[in-house]
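Reader: I have a structure to go through with you. Please set each label against its cut-off.

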Amino acid sequence: MNPLTIRISDLTGNFAENKDKAKDLREQKVMPTIAKGGHVILDFADVDSTTQSFIHALISKVFQDKREKAFTLIEFKNCSGPVKSLVSTVVNYSLA
């Protein structure tokens with residue numbers, strides 16, 4: 001199965017803040033792909049920044065459910081410094 005690449009900026013523009021969009025994306029694309037044994041690439045190209053609530057809604061359930069295995073299921077690409085920092089924060093407290 002080819003990985004599913006989701007280009008975040010196509011859904012959010014350069015600032016990803018709508019947690020409802022993130023939740024819908026998780027429930028409609030991310031979780032079903034993982035459930036089928038697939039791999040998801042979250043491409044943050046052209047996203048300058050985001051909110052912690054957006055990242056939380058997008059990935060925390062995956063990391064809570066799959067624990068460290070989630071690192072093999074989700075790949076983060078083209079993250080700016082602020083995005084990378086928030087992803088790290090959410091991953092760390094989701095695994096705690």
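Author: Start with the salt bridge: a side-chain nitrogen of Lys or Arg within 4 Å of a carboxyl oxygen of Asp or Glu. This is a predicted model, where local features need pLDDT of at least 70, side-chain atom pairs count only at pLDDT 80 or more, and totals for chains, interfaces and linings use all residues. Residues are numbered from 1 along each chain as its sequence is written, and side-chain values use heavy atoms, with hydrogens and water left out.

Reader: Why is the contact between Arg7 and Asp46 called a salt bridge?

Author: The closest N and O atoms of Arg7 and Asp46 are 2.4 Å apart. The limit is 4 Å, so the pair qualifies.

Reader: What does the pair Arg7 and Asp46 tie together?

Author: Arg7 lies in strand E1, and Asp46 sits in the loop between E3 and strand E4 (49-50). The pair therefore links parts that are 39 residues apart in sequence. Strands here are DSSP runs of E with at least two residues; helices are runs of H or I with at least four, and both are numbered from the N terminus.

Reader: Which other salt bridge does Arg7 form?

Author: Arg7 also bridges to Asp10, with the closest N and O atoms 3.5 Å apart. That is again within 4 Å.

Reader: Where do Asp65 and Lys61 lie, and what joins their side chains?

Author: Both lie in helix H3, 4 residues apart, about one turn of the helix. Asp65 has 42% relative accessible area and is partly exposed. Lys61, at 36%, is partly exposed as well. As for networks, salt bridges that share partners join Arg7, Asp10 and Asp46 into one. The whole structure holds 5 salt bridges.

Reader: How do you know which strands stand at the edges of the sheet?

Author: Two strands pair if DSSP finds at least two bridges between them. The open sheet has 3 strands in the order E1-E3-E5, with parallel pairing. E1 (4-7) and E5 (74-77) each have a single partner strand, so one side of each is left without a neighbour in the sheet. From one strand to the next, the twist averages 20°.

Reader: What makes E3 and E5 a pair?

Author: E3 (residues 40-43) and E5 share 4 bridges in the parallel sense. At least two are needed, so they pair. Leu42 stands opposite Phe76 in E5.

Reader: Which strands does H2 touch?

Author: H2 packs on the sheet and touches E1, E3 and E5. Contact means heavy atoms within 4.5 Å. The direction of H2 makes about 160° with that of E1. Axes are lines fitted to C-alpha atoms, for helices over the stretch in contact, and angles run from 0 to 180 degrees between N-to-C directions. Helix H3 (residues 52-66) lies across E3 and E5, at about 145° to E5.

Definitions and conventions:
Buried means under 20% relative accessible area, exposed over 50%, partly exposed in between (1.4 Å probe, protein chains only).
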